[in-house]
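Here are some notes to read alongside the structure. Keep the viewer open and look up each residue as you reach it.

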Amino acid sequence: MYGVEDIDAVQAMVVDGMQHIEGTFRATLPGTFDIYVAGSTFAAPDTLHRGRAFPEARQVFVLRDGTGTPEDQQYTLTRELTHLYAWHMFGPPTSTLVSEGLAVYMGMTSIADSDHVPLKTFCAAYHQAEKLPRVSRPLRFENHIVDLQNYYAAGCFVEYLVETHGLENFRTLYSGGDYEGVYGASLETLEEDWIADIEVSVVSIPFDAEALVNAVSAVGRAYTTLFANYRNTAAQQAAYQTLDTARIALLEGDLATVNEKLAELR
């Protein structure tokens with residue numbers, strides 16, 4: 001199993017992830033926690049997840065089945081470790097928006113030098129295509145594959161709050177949920193400020209914005225279709241590997257490869 005064979009690599013990623021989180025907040029998580037490494041896809045209904053955290057139990061589950069890249073795996077592990085860290089250091093989150101937004105933000109900053117499309121670029125493209133999710137409205141956070149745009153929008157919004165108002169204010173918001181008390185403005189007003197910031201920021205978008213939106217939807221649909229009746233047959237395993245190549249290409253903004261790999265599955 002990949003998880004067993006690469007246990008030293010997993011351990012190194014855990015150390016790197018926690019060092020990044022603790023270094024950012026300048027505080028060490030007390031106590032211990034458990035990391036579980038899956039060598040094959042999670043059982044239903046979590047099949048499309050690549051990582052899960054159960055903060056109260058101090059448990060993190062990650063997938064390491066030969067798919068993904070080291071950067072993708074580091075992002076996932078750091079993201080899930082953030083859920084664990086924040087729960088115990090800040091208190092239970094008051095909303096999925098702040099919880100998932102912080103996890104995505106920390107995961108992305110942990111791989112800032114990678115080929116992954118930066119959050120600002122992704123959200124600028126979605127805004128240009130007039131498809132940027134509104135964080136002031138209820139958003140679905142089912143998993144990162146089918147709801148990537150929602151997770152990234154939450155991450156972008158948290159990035160804006162942290163960069164504009166500081167980490168300590170966001171830390172207070174995390175467990176309190178009082179936007180007015182912390183920032184002197186409602187969530188809706190802060191969302192408008194965030195969108196205005198996107199509009200005035202100089203962000204180079206190296207691909208067609210509408211093509212990105214379409215690619216995100218297409219990859220999500222392909223995964224949903226594949227796992228609707230997944231029995232781990234040889235053909236399905238091959239399709240899974242091809243689809244993972246498309247997923248990584250999407251995360252890196254290589255939309256030509258996304259389309260090429262999805263075409264192979266038709």
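1. **The disulfide.** A disulfide is a pair of cysteine sulfur atoms within 2.5 Å. In this predicted model, a search of the whole structure turns up one disulfide. Its partners are Cys-123 and Cys-156, with an S to S distance of 2.0 Å. Cys-123 belongs to helix α5 (residues 119-128) and Cys-156 to helix α6 (residues 148-165), so the bond ties together parts that are 33 residues apart in sequence. The torsion about the S-S bond is about 100°, which means that the disulfide is right-handed. Buried or exposed, what are Cys-123 and Cys-156? Both are buried.

2. **The largest cavity.** Rolling a probe the size of a water molecule over the atoms shows where empty space is left. Here, the search of the whole structure finds two cavities of 30 Å³ or more. The largest cavity holds about 90 Å³ of space. Which elements each supply at least two residues of its lining? They are α2 (7-25), β3 (59-63) and α3 (70-90). Of the elements, α3 gives the most, with four residues. By class, the lining of the largest cavity has five nonpolar, two polar and three charged residues.

3. **The second largest cavity.** About 50 Å³ of space lies in this one. Its lining includes Thr-41, His-49, Arg-50, Leu-63, Ile-145, Tyr-223 and Asp-244. Helix α11 (residues 234-251) gives the most to this lining, with three residues. Six of the lining residues of the second largest cavity are nonpolar, three are polar and three are charged.

4. **Arg-50, worth a stop.** Where is Arg-50 found? Look in the loop between β1 (34-38) and β2. Arg-50 counts as buried because its relative accessibility is 9%, and the cut-off for buried is under 20%. The Arg-50 side chain also makes a polar contact with the side chain of Thr-67, at 3.0 Å.

5. **A hairpin to trace.** Strands β2 and β3 run antiparallel and are joined by four bridges. Together they form a hairpin, with four residues between the strands. In the turn, Arg-58 has a positive phi of about 55°. To see how the strands line up, find Arg-52, which stands opposite Phe-61 in β3. In a regular strand the side chains alternate between the two faces of the sheet. In β2 (residues 51-54), Gly-51 and Ala-53 make up the covered face, while Arg-52 and Phe-54 make up the uncovered one.

6. **The largest pocket.** This pocket has a volume of about 490 Å³. It is lined by 34 residues, and those nearest its centre are Arg-79, Glu-80, Glu-100, His-144 and Tyr-151. Two or more lining residues come from each of β2, α3, α4 (96-109), α6, α10 (209-226) and α11. Helix α3 contributes the largest share, seven residues. The lining of the largest pocket divides into 17 nonpolar, eight polar and nine charged residues.

7. **The second largest pocket.** Its volume is about 200 Å³. How many of its lining residues are nonpolar, polar and charged? There are two nonpolar, six polar and one charged. Among the residues to look up are Gly-39, Asp-65, Tyr-230 and Asn-232.

8. **Backbone details to check.** Most residues other than glycine have a negative phi, and most peptide bonds are trans. Ala-44 and Pro-45 are joined by a cis peptide bond, with omega of about 10°. Pro-45 sits in the loop between β1 and β2. Glu-130, in the loop between α5 and α6, has a positive phi near 60°. Glu-130 counts as exposed because its relative accessibility is 74%. Asn-232 has a positive phi near 65° and lies in the loop between α10 and α11. With 44% relative accessibility, Asn-232 counts as partly exposed.

Key. Residues are numbered from 1 along each chain as its sequence is written. This is a predicted model: local features need pLDDT of at least 70, side-chain atom pairs count only at pLDDT 80 or more; totals for chains, interfaces and linings use all residues. Side-chain values use heavy atoms; hydrogens and water are left out. On a 1 Å grid over the protein atoms alone, a cavity is a set of points where a 1.4 Å probe fits but cannot get out, and a pocket is an open set with protein on both sides within 12 Å along at least five of seven lines; lining residues have an atom within 4 Å of a point. Grid points are joined across faces, edges and corners, and a volume is the space filled by probe spheres set on the points. Ala, Val, Leu, Ile, Met, Phe, Trp, Tyr, Cys and Pro count as nonpolar, Asp, Glu, Lys and Arg as charged, and the others, Gly among them, as polar. Buried means under 20% relative accessible area, exposed over 50%, partly exposed in between (1.4 Å probe, protein chains only). Two strands pair if DSSP finds at least two bridges between them. A polar contact is a pair of N or O atoms within 3.5 Å; within protein, one must be able to donate a hydrogen and the other to accept it, and residues adjacent in sequence count only if both atoms are side-chain atoms.
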